[in-house]
Amino acid sequence: MAISSPSAPPFSASSICCTIRTDSTPSRSLWLMPTQTRSRLTLGCQLNFSGSDGGDNEYELLHSDVSPHHDRKGWPVFVTLPIDAVSFPEGVMKRKKAMVQSFRALATGGLEGVVMEVWWGLVEKEFPRVYNWQAYLEIVALAKRFGLKVRAAMAFHQCGTGPDDPFWIPLPQWVREEIDKDPDLAYSDRFGRRNMEYISLGCDVLPVLHGRSPIQAYTEFMRSFRDTFSPFFGGVITGIQVGMGPAGELRYPSYPLQKQAWTWRKPELGEFQCYDKYMLASLNACAREMGKREWANSGPTGAGNLMQDLEKTEFFKSDGSWNTPYGEFFLTWYSGMLLLHCERICREAKTIFCDVEINLSGKVAGIHRHYFTRSHPSELTAGYYNTSIRDGFLPIARVFGRYGFSMCCTCFEMKDAEEQRMNRVSSPEGFVRQVLLAAKICDIPVQGETSSSSLDYESFQQVLKMSKFYSDGLGGTTFSFNFVMMDKNLFEYRNWDTFVRFVRQMSDAKNTSVII
């Protein structure tokens, strides 16, 4: 389906006229501006991301030596679009005036492009195989207009906690109806709590969705995307990140979504998600094949509760049963099911996009809350068999490498010193370094990402530090970076200036000295 997009308007001196500064001394070109323009500049770059399209969105962006077509020699920087860039349930592009202004700003600020989350629950909302791509076509056409690249993230998961959540995007209605009929299509923990964020991988290849398996549904969705957006591949759409679990990450939903906001930096253990009938059937078959019937029908006992001290649990404590033949059996099966899910999706995506000029990627979750413990419980419950004596990310990197995928890794802006004020066994830097080392060993590209929208100078310097650790320290292959995410705070005067300086540093990264 070809879409005609408007040609890019020429950039005039009126739209690119001065250097934004955060120090107390105005630039010379600022004083050459009319008084009215200077007074507007002091308001910064104000974009109303929460308002409607009605009325004018006040916007001023004044630059000098930044061109949307400059030669990028270092690491390209992308920014994720707002979650509600496309409205639910209407499926229309929101705040079009603000989006136009934002894209113009990103182009003049030297960014490579945007990350566009493409929601299954919006596109194939009401009926199977009925897709509505219109809003996303408009976004891609807008990116083309301003010379921006697009990475499309296939979002096969739920967003938000419920209808009252302003960013609520559930799974497609017809999928939820099937889950209502068969609740075991959703993950379940040992307490019987169902998680609706993502369909249980235990039924990956079973025809449980109107005669299709979940893998077939994901495959046909991606194929429709390929056919619809074919005119934009290569020139505009340069990347596809394939969602593989909750939040688009390759993992199990190991803690309740409702608790995510307040437990993300707490030392919660998580819960094994292996109690729906499809996961239990697989566990049972695996245990019987090994002649260990007593290991079937249930996950580990003695795993404690979500917020319990791990040293008071029989399974996760330092000398616990995680490091016994039973523990090895269960964790190998549990992580192996996640790896099999990863391989199935990677294989299908590779087949669909094999003749398209595109970079494929998958994302691992930034789970670092127990990194300085022996058992790493929060990683184990999420499906990463990563402990003090075993590397859980190298097997994932190998699967990605086998299918030509890049690895997306979050937490690039986080520092151990800050995290350990709240949790002494946390190590986001250790987590990032381990993932980067696995990517280097498997010779796969890396996409770095922030875990929050921090816009301070120190966070950006930490990103530079970790980026250079991979590209220079490890001699890694292709690297790029994604800032999460675009909102009105990004375009405020001081924040925007700091961000543009960071983008320039990333562009000149090969010649930038950062202490590792």
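This is a predicted model: local features need pLDDT of at least 70, side-chain atom pairs count only at pLDDT 80 or more; totals for chains, interfaces and linings use all residues.
**Stop one: the second largest pocket.** Select Arg151, Asn359, Gln447, Thr478 and Ser480, which are the closest to the pocket's centre among its 17 lining residues. The space here amounts to about 270 Å³. Now colour strands S3 (149-155), S6 (237-242), S7 (359-364), S9 (446-449) and S10 (479-483); each supplies at least two residues of the pocket's lining. By class, this lining holds 8 polar, 6 nonpolar and 3 charged residues.

**Stop two: Glu413.** Is Glu413 buried or exposed? Its relative accessibility is 5%, so Glu413 counts as buried, the cut-off being under 20%. Show the side chains of Ser451 and Ser452. The side chain of Glu413 makes a polar contact of 2.7 Å with that of Ser451, and another of 3.1 Å with that of Ser452. Leaving aside neighbours within four places in sequence, Glu413 is also in contact with Glu449, Thr450, Ser459, Gln462 and Val463, among others.

**Stop three: the second largest cavity.** The whole structure has 4 cavities of 30 Å³ or more. S2 provides the largest share, 3 residues. Colour the lining by class to find 9 nonpolar residues, no polar ones and 1 charged.

Technical notes. Residues are numbered from 1 along each chain as its sequence is written. Side-chain values use heavy atoms; hydrogens and water are left out. On a 1 Å grid over the protein atoms alone, a cavity is a set of points where a 1.4 Å probe fits but cannot get out, and a pocket is an open set with protein on both sides within 12 Å along at least five of seven lines; lining residues have an atom within 4 Å of a point. Grid points are joined across faces, edges and corners, and a volume is the space filled by probe spheres set on the points. Helices (H or I, at least four residues) and strands (E, at least two) are DSSP runs, numbered from the N terminus. Ala, Val, Leu, Ile, Met, Phe, Trp, Tyr, Cys and Pro count as nonpolar, Asp, Glu, Lys and Arg as charged, and the others, Gly among them, as polar. Buried means under 20% relative accessible area, exposed over 50%, partly exposed in between (1.4 Å probe, protein chains only). A polar contact is a pair of N or O atoms within 3.5 Å; within protein, one must be able to donate a hydrogen and the other to accept it, and residues adjacent in sequence count only if both atoms are side-chain atoms. Contact means heavy atoms within 4.5 Å.
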